[in-house]
Amino acid sequence: MVGLLVASPIFASLAKSHNPFRLIGVGLSVWTFATAGCGSSFDFWSIAICRMLVGVGEASFISLAAPFIDDNAPIPQKTAWLAMFYMCIPTGVALGYVYGGLVGSHLNWRYAFWGEAILMLPFAVLGFVIKPLQLKGFAPAESGKAQVVASVSEGSEASNLNDHVSEDISDQASERSIKSIGESRFLNQLSQFSQDTKVLLQEKVYVVNVLGYIAYNFVIGAYSYWGPKAGYNIYHMSNADMMFGGVTIVCGIVGTISGGFILDQMGATISNAFKLLSAATFLGAISCLTAFCLSSLYGFLALFTVGELLVFATQAPVNYVCLHSVKPSLRALSMAISTVSIHIFGDVPSSPLVGVLQDHVNNWRKTTLALTSIFFLAAGIWFVGIFLKSIDKFNEDGENQISVDSKANMKPLLEGNGDNL
């Protein structure tokens, strides 16, 4: 989680000066080697560091994959395509349980990590060797700047030679010049990141969307952590982990896909997205709240399944709003800030806070009812979004928009690959 939260904004910022498609390749490479490192770990700290680096690899996808999908999806099916992408999360969790169980029972746990790394390796390689896609709103680093820096450096060297300065002094000056250039670039990127973040926070539609997403994720995060324990204590489930896990995975897949297709049928607009978000979350909250009030296990499972289907229908619409409420050049950062926010203020604090509440009331039914009621807060926030003045900014030219002819010259992250493209 630490690696994911720290690296997401970094990848989003680097996309302004490096080809975003290559950045995904870098992320997949980091993920591959970190996963292999998990399998080769020798103590707690080694596997903890490798797990953190796995989050760094995931961050490239979190920030950059959704904008690529949004660029290339057919207009009538944009949210359906986004839904297919986000559906892969619960699908991957389900396959991970099966894969980990099979490999762990027949081989050693280390082989599960090594196998994942081998499976991902071809995709990491493809991220560097195939012709990169271009991302709307992003331009390459200005090649003129590099030429200016080079010419200044050459001029300095010539001046030093003419003045008969010793070679040692010239080397020291060159090192200071390189260090100064590096510091200047870092400060410029930091300043640009600060400015872009300020612009995002001034977008009312985006802020309202993320606030609703935080409240939503607060509940989902606590469900995933405390759900099985609550189910065992309230309904005396003998296999609470499997029941809650199975319901969540199936509903996550079906609900996510359904939400994307429904918004496309309604007409993919920001206003319609907020309508779907508020309605689905409100109805899902009623269903889940009623489920926890029932004494029958089967009644609970039926209503809770309906509630989970409804609340998972929000995944495509909420990310559609994140992508279309900001300029194209800010989409990667908007996804990164959204991800950081929903974790820092949502699922990360929710689990310990719910634990504190349960220690205080000592009644899992009351605890789950209090937790589920936060869905109403999320629905209310998204309902406010319906009445905000919303403009789809997908077709707005970002400050870094470039011509079609110059897109082919997008600078790869690794200079050596430029000649091969």
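Predicted model: local features only at pLDDT ≥ 70, side-chain atom pairs only at ≥ 80, totals over all residues.
Leaving aside its neighbours within four places in sequence, with which residues is Phe274 in contact?

View 1. Residues are numbered from 1 along each chain as its sequence is written, and side-chain values use heavy atoms, with hydrogens and water left out. Once neighbours within four places in sequence are set aside, Phe274 is in contact with Val205, Val208, Asn209, Val321, Trp382, Gly385 and Ile386, where contact means heavy atoms within 4.5 Å.

**View 2. The largest nonpolar core.** A nonpolar core is a set of buried Ala, Val, Leu, Ile, Met, Phe, Trp, Tyr and Cys residues joined through side-chain atoms within 4.5 Å; buried means under 20% relative accessible area, exposed means over 50%, and partly exposed lies in between, using a 1.4 Å probe and protein chains only. The largest such core has 85 residues, of which Tyr216, Phe274, Phe300 and Phe304 touch the most other members. Helix H8 (residues 204-235) gives the most to this core, with 17 residues; helices (H or I, at least four residues) and strands (E, at least two) are DSSP runs, numbered from the N terminus. The protein chain has 16 helices and zero strands, and 45% of its 421 residues count as buried.

**View 3. The buried face of helix H14.** Within helix H14 (residues 364-372), the buried residues are Trp364, Thr367, Thr368, Leu371 and Thr372. Seen down the axis of H14, these buried residues fall within an arc of 125°, so they line one face of the helix; the arc is that of the directions from the helix axis to the C-beta atoms. The cover over the buried residues of H14 includes H8, helix H10 (270-293), helix H13 (331-361) and helix H15 (374-386).

**View 4. Arg331 and its salt bridges.** A salt bridge is a side-chain nitrogen of Lys or Arg within 4 Å of a carboxyl oxygen of Asp or Glu, and the structure holds four of them. In one of these, Asp70 pairs with Arg331, with the closest N and O atoms 3.4 Å apart; Asp70 is in helix H3 (residues 44-72) and Arg331 in helix H13, so that the pair links parts of the chain 261 residues apart. Arg331 also meets the side chain of Asp71 in a salt bridge (2.9 Å, N to O). Both Asp70 and Arg331 are buried, each with a relative accessible area of 0%. Asp70, Asp71, Lys78 and Arg331 are linked in a network of salt bridges.

**View 5. A salt bridge between two loops.** Lys393 forms a salt bridge with Glu203, and their closest N and O atoms are 2.5 Å apart. Because Lys393 lies in the loop between H15 and helix H16 (404-407) and Glu203 in the loop between helix H7 (167-201) and H8, the pair ties together parts that are 190 residues apart in sequence. Lys393 is buried, with a relative accessible area of 14%, and Glu203 is buried as well, at 17%.
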